[in-house]
Amino acid sequence: RESLEAYGNQVINLVKVLMGILSKGLGLESSRLEEAFGGDEAQVVLRVNHYPRCQQPDLVMGLSPHSDGSAMTVLLHDEVEGLQVKKDDAWWMVKPIPGALIVNMGDMMQLVSNGRFMSMEHRAVVSSGTERISIVVFYAPTANAILGPIGIDQHHAIYKSIKYGDYLATYMNKELKGKERINSLLK
Ligand SMILES: O=C(O)CCC(=O)C(=O)O
Ligand SMILES: [Fe+2]
């Protein structure tokens, strides 16, 4: 537990550095994205996913296709593969690299960047041979953050603004299908 907490704190530091760089990439003050997500009120959630091995991996999906509702997600997995990302309408296995972290853009980054940074559609598959563990840190806005495209002429905004808490609540009891949740905010 203590090491998970220490790990989480290191990931937060990394996320803050990346937020600064992405902010500048959007032509904003380096602190702008972090502020938009709520500064110290931003929600950090650490989740450990465990995928037991499975006799019939073809019939079972570990985690169905989705994009994360967060602003940014940092994932650590062991040497067992299972994470797949969708690119050009095909699924690509993400090869585990020892010591490497996977940084995914979340839907809220896509929203505030007006689609300049796109969230990544991904899924997890199971294997018959080995179980798999991944440790995921979601960096998400505070629930009452009102978010929409920033740093652009609002005439060019392709997404509606929402309150993050409402964004999550809308799909609370529904299975996510790919990127339909963020696409529902398209004007
Ligand atoms: O376990 C993985 O590799 C993916 C986990 C994931 O996408 C999630 O927890 O949102
Ligand atoms: Fe995910």
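In this predicted model, L111 is in contact, once its neighbours within four places in sequence are left aside, with L147, G148, P149, Y159, K160, I162, I182 and L185. A second, separate core of seven residues includes V85, I102, V136 and F138. The points below set these residues within the protein as a whole.

**Nonpolar core**
- The largest nonpolar core holds 33 residues, and L111 is listed among those with the most contacts inside it, together with M19, L33, F37, M108, M109 and L147.
- Two or more residues of this core come from each of α1 (2–25), α2 (32–36), β3 (72–77), α3 (107–112), β8 (132–140) and α4 (164–170).
- Of these elements, α1 supplies the largest share of the core, namely five residues.

**Overall fold**
- The protein contains five helices and ten strands.
- Its radius of gyration is 17 Å, close to the 16 Å that the globule rule gives for 187 residues, and the protein is therefore as compact as a globular protein of that length.
- Taken along the principal axes, the box filled by the C-alpha atoms of the protein is roughly 55 × 35 × 30 Å.
- Of the contacts between residues at least 6 apart in sequence, 77% join residues that are at least 24 apart.

**Burial, surface and charge**
- Of the 187 residues in the protein, 44% are buried.
- The protein exposes about 10300 Å², of which carbon and sulfur atoms supply 54%.
- There are 19 positive and 21 negative side chains in the protein, and the centres of these two sets lie 5 Å apart.

Definitions and conventions
Residues numbered from 1 in each chain as written. Chains lettered and ligands numbered in written order. Predicted model: local features only at pLDDT ≥ 70, side-chain atom pairs only at ≥ 80, totals over all residues. Heavy atoms only, no water. Helix = DSSP H or I, 4+ residues; strand = E, 2+ residues; numbered from the N terminus. Rg over C-alpha atoms; globule rule 2.2 N^0.38 Å. Buried < 20%, exposed > 50% of the residue type's maximum accessible area, 1.4 Å probe, protein only. Contact = heavy atoms within 4.5 Å. Areas by Shrake-Rupley, 256 points an atom, 1.4 Å probe, with all protein chains shown as cover. Lys, Arg positive; Asp, Glu negative; His and termini not counted. Charge placed at Lys NZ, Arg CZ, Asp CG, Glu CD. Core = buried A, V, L, I, M, F, W, Y, C linked by side-chain atoms within 4.5 Å.
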